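Subject: Structure handover

Hello,

Please find the structure below, with the sequence. My notes on what was found follow after it.

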Amino acid sequence: MKTLRNIMIAKIHLAKNQLGLDDDTYRSIIQQAVGKDSSTKCTDKQLEKVIETLKEKGWKDAKPRISRDKTRRERRAYEKPNKPSISKIYALWGVLQRSGKIKSQDKTALDAFVRKYTGVDHVKWLDESQARKIIEMLKQMIAR
């Protein structure tokens, strides 16, 4: 776990990089602010003063990230599909392509199909129950 001191030192170095300061300029700013030549030699109060000096030089401290909505439901445990179910999806898709029921010859159409019915962006990211659902849908399309 990072201590407050380490966080302040990290902020100072972040400000140095964002302001595009070379090492000599950076050290001279610290020297002018607190009389030391390195942030690691500073006390906590001196580090705060250096941060304030860098803000005066134009650095803007990023706002802390706002945590996501806590009302969202918990993600279910990821259940990785076995390789044969993904292979079967590709095979069934190929059957549909060869029979002319699917016009597209690339796999992006399959990803779009999967996205439409499961909300998952790529076939390889399906969990086992989603893969089974897609397999059954493809079988029904072939049977028509």
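Helices and strands here are DSSP runs, numbered from the N terminus: a helix is H or I over at least four residues, and a strand is E over at least two. Counted that way, the protein has six helices and zero strands, in the order α-α-α-α-α-α from the N terminus on.

This is a predicted model, in which local features need pLDDT of at least 70 and side-chain atom pairs count only at pLDDT 80 or more, while totals for chains, interfaces and linings use all residues. Residues are numbered from 1 along each chain as its sequence is written, and side-chain values use heavy atoms, with hydrogens and water left out.

Overall

Of the 144 residues in the protein, 33% are buried. Buried means under 20% relative accessible area, exposed means over 50%, and partly exposed lies in between, with a 1.4 Å probe and protein chains only. A contact means heavy atoms within 4.5 Å. Among contacts between residues at least 6 apart in sequence, 58% join residues at least 24 apart.

Helix α3

Helix α3 covers residues 44-56, which is 13 residues. From first C-alpha to last it reaches 19 Å, close to the 18 Å expected at 1.5 Å a residue; the expected span is 1.5 Å times one less than the number of residues.

Its buried residues are Q46, L47, V50, I51, T53 and L54. Seen down the axis of α3, they fall within an arc of 160°, so they line one face of the helix. The arc is taken from the directions from the helix axis to the C-beta atoms. An α-helix has 3.6 residues a turn, so residues three or four places apart point the same way.

K45 and E56 are exposed, on the face of α3 turned away from its buried side. The cover over the buried residues of α3 includes α1 (4-19) and α2 (23-34). After α3 comes G58, with a positive phi near 115°.

How α1 and α3 pack

The two helices pack at an angle of about 25°, with their axes 10 Å apart. That makes α1 roughly parallel to α3, a label for angles under 35 degrees. On the α1 side the contact is made by R5, M8, I9, K11, I12, A15 and L19, and on the α3 side by D44, L47, E48, V50, I51 and L54.

A residue in α2

S28 sits in helix α2 and counts as partly exposed, at 31% relative accessibility. Its C-alpha is 9.4 Å from that of S38, ten residues apart along the chain.

Regards

Notes:
Axes are lines fitted to C-alpha atoms, for helices over the stretch in contact, and angles run from 0 to 180 degrees between N-to-C directions. Angles under 35 degrees count as roughly parallel, over 145 as roughly antiparallel, 65 to 115 as roughly perpendicular and the rest as oblique.
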